[in-house]
Amino acid sequence: MNMQTKPPHTAAEKAILDSFAEIMGQLPGDAPVTAARDKLVSAISSDGLPTRRVESWHYTDLRNLLRDVPGQASGAAQQVDPLVRGSLVLPVVQGQSAEIRAPEGVALSSYMELLASGEAVKTLVPRGSDDLIGRLNGAFVMDGYSFSVAADQAIEEIIEIQSTQSGGQVHNRFAASFGAKATATIVDRHLGDKGQTGLSSAVTTLDLADGADVTWIILQGCGEDDQRLAQLNARLGADARLKLYVINAGGKLVRQELHVEAAGEGSHLDLRCVNLLAGDSHTDVTLTLGHNVPNTTSSEIVRNVVLNRARGVFQGQIRVAQVAQKTDAQMACNTLLLSDDGEFSAKPELEIFADDVICAHGATVIDIDHNHLFYLMARGISEKSARGLLVNGFVDELIDELENEDLVEALETLIEQWLADHG
Amino acid sequence: MLEIKNLHARIAEDGTEIIRGLNLTVKAGEVAAIMGPNGSGKSTLSYILAGRDDYEVTEGDILYNGESILELDPSERAAKGIFLAFQYPVEIPGVATMQFLKVAMNEQRKARGEEELKTPEFIKLVKEAAASLQINPDMLKRPLNVGFSGGEKKRAEILQMKLLGPQLCVLDETDSGLDIDALKIVSDGVNALRSPDRAVIVITHYQRLLEHIVPDTVHVLYKGQVIKTGDKDLALDLEANGYAGIIEAAA
């Protein structure tokens with residue numbers, strides 16, 4: 001019998017372990033938190049970064065792709081105006097939260113406090129042995145925010161978590177809970193700096209109580225040399241509705257995991273994901289969605305624009321439990337491949353144990369529609385502008401579904417700008 | 001204004017010749033009707049005028065205000081004032097109708113060296129034009145042509161024509177799919193655009209449209225050639241007797 005020999009640590013793995021040794025004394029936490037961190041780091045040390053042999057990382061061989069592990073973030077990062085004027089901003093500058101007065105009906109605290117008091121120890125448990133993001137983030141997490149919206153509260157103003165990074169490592173955690181029938185819109189925004197090499201991780205937990213109605217928008221605007229590892233875990237109570245948007249528009253190496261559990265009857269998830277991919281980047285969106293009880297519905301649409309040598313991945317796993325009759329899940333992944341050297345891999349995965357369900361999935365790869373282009377040009381629109389309008393239209397279709405017009409306009413402007421800069 | 005000389009054109013993909021030595025002259029101020037049986041090349045002619053690259057011109061020339069337009073792409077032709085009202089306007093999801101109108105109007109202005117429209121000015125122009133064509137403003141909030149009925153699509157084409165103010169309007173079977181009321185609205189829209197410095201080419205199967213948009217000349221297209229030219233009475237003759245006699249006489 002052959003003994004499996006463990007490969008030596010890569011430079012990135014070494015750098016991660018060295019960083020931990022360097023910073024462990026400064027990380028917030030009581031004895032149980034510190035013990036949990038140590039355990040996570042030793043798991044990273046013994047398993048290493050996941051490779052393509054780990055199924056959930058098959059298309060993102062992190063061991064091979066994660067190259068530049070910078071030192072801890074230091075100095076300042078430029079804050080920007082919120083996406084929508086008048087939003088309540090929860091700033092995270094180089095990984096650090098600030099003291100913000102919460103609006104009425106919202107209880108807010110920094111994650112650093114939760115770690116220091118030990119209250120957060122129960123959250124430092126990874127999802128499984130393949131959960132590198134959970135391990136890395138749990139080991140290094142410094143700060144973030146935790147907030148809860150009281151039952152029946154309708155939060156009118158948009159809450160923007162604005163995380164700005166200018167190189168270095170930052171590791172944040174966010175927890176948001178929404179009481180019964182609470183409504184809110186949150187922009188979860190991470191911005192990097194051009195010309196700086198950053199590594200960031202984030203683990204976000206959403207808990208929607210019965211009847212809560214939440215729009216959560218993840219807006220990733222990393223710098224072109226940034227590496228981003230993010231994970232969102234959401235639980236939907238009965239009749240809860242989560243409108244989850246993911247807009248990836250930056251980064252060199254990005255993995256955004258979304259793990260959603262439809263845990264209450266009548267709950268509904270809308271996932272709308274826009275991946276704007278350019279340069280030599282690698283972007284991976286991985287969804288696991290559990291329809292765990294009867295009568296839950298979901299709709300997932302992923303739209304990708306691929307330029308240059310960019311590579312994209314969408315893994316969409318939908319599990320329907322045996323009891324989850326009348327599940328209706330519709331998943332689509334459409335790619336506009338605008339370069340011969342770009343690529344996109346889509347992997348739908350359905351695990352259905354109930355017999356009275358509707359589950360559909362589809363993936364398409366298309367080029368600009370010739371008829372559309374001719375129609376626009378016949379109205380005097382130059383070929384370049386016409387292509388721009390069509391590419392914009394391809395992704396704006398998803399943005400148009402949002403109800404808040406200011407938000408639609410801000411996101412469409414951002415997308416337009418990205419396409420103008422990269423097209 | 002428009003002079004088509006001995007035009008030969010084929011489908012780029014498979015080389016099928018559709019236009020076979022077509023000659024046609026349309027003067028400023030003229031409304032010319034082009035009629036002909038199915039497959040005679042009417043729609044192809046409209047696409048070639050607009051510059052669709054699915055067709056290749058192999059011989060002859062198209063002169064517009066004395067200059068050949070064969071080397072111009074569709075957007076350059078449009079900026080020079082050529083407008084094609086499509087038989088089947090294309091639905092483009094994700095592109096807002098208002099945004100499309102604004103980009104089109106401003107790109108044409110830019111190409112002609114004129115100043116861009118300011119937003120309030122633009123909105124006012126669109127509102128006025130839409131009202132005259134009985135277009136519901138809610139329709140303009142939708143993505144371009146998406147979910148429009150057949151009649152709404154044709155009205156939207158005329159709205160674009162009105163806003164862009166072309167010199168040469170080519171209407172490709174604008175009457176198809178229209179009920180009588182919509183036909184009247186669309187025809188009134190076209191008639192309002194008639195002027196001494198503008199020419200209109202109306203491609204149609206039926207005399208009915210020509211009762212509303214009365215042509216100065218009528219041309220019969222058959223197998224890619226104009227085989228007969230006359231005045232509006234020719235259309236009446238065709239309606240009564242069909243194409244057979246004319247085709248036979250030309251053979």
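In strand β5 of chain B, B:Glu67 is the bridge partner of B:Tyr64, as found in this predicted model. Strand β4(B), residues 55-64, is joined to β5(B) by two bridges, and the two strands run antiparallel. They belong to an open sheet of four strands in chain B, ordered β2-β1-β4-β5 and paired in antiparallel fashion, in which β2(B) and β5(B) are the edge strands, each pairing on one side only. Helix α1(B), residues 42-50, packs on this sheet, where α1(B) touches β1(B), β2(B) and β4(B), and its direction makes about 70° with that of β4(B).

The crossing of α4(B) past α5(B) is right-handed. The residues that make this contact are tabulated here by helix.

| Helix | Contact residues |
|---|---|
| α4(B) | B:Leu125, B:Val126, B:Ala129, B:Ala130 |
| α5(B) | B:Leu159, B:Lys162, B:Leu163 |

By class, this contact of α4(B) with α5(B) has six nonpolar residues, one charged residue and no polar ones.

Between the chains, the contact takes 21 residues from chain B and 17 residues from chain A. On the side of chain B that touches chain A, the elements giving two or more residues are α2(B), β7(B), α3(B) and α5(B), with the largest share, five residues, coming from α3(B). The residues on that side of chain B divide into 14 nonpolar, four polar and three charged.

Definitions and conventions. Residues are numbered from 1 along each chain as its sequence is written. Chains are lettered from A and ligands numbered from 1 in the order in which they are written. This is a predicted model: local features need pLDDT of at least 70, side-chain atom pairs count only at pLDDT 80 or more; totals for chains, interfaces and linings use all residues. Two residues are in contact if their C-beta atoms, placed from the backbone, lie within 7 Å. Ala, Val, Leu, Ile, Met, Phe, Trp, Tyr, Cys and Pro count as nonpolar, Asp, Glu, Lys and Arg as charged, and the others, Gly among them, as polar. A crossing is left-handed if the near helix is turned anticlockwise from the far one by less than a right angle, and right-handed if clockwise. Two strands pair if DSSP finds at least two bridges between them. Axes are lines fitted to C-alpha atoms, for helices over the stretch in contact, and angles run from 0 to 180 degrees between N-to-C directions.
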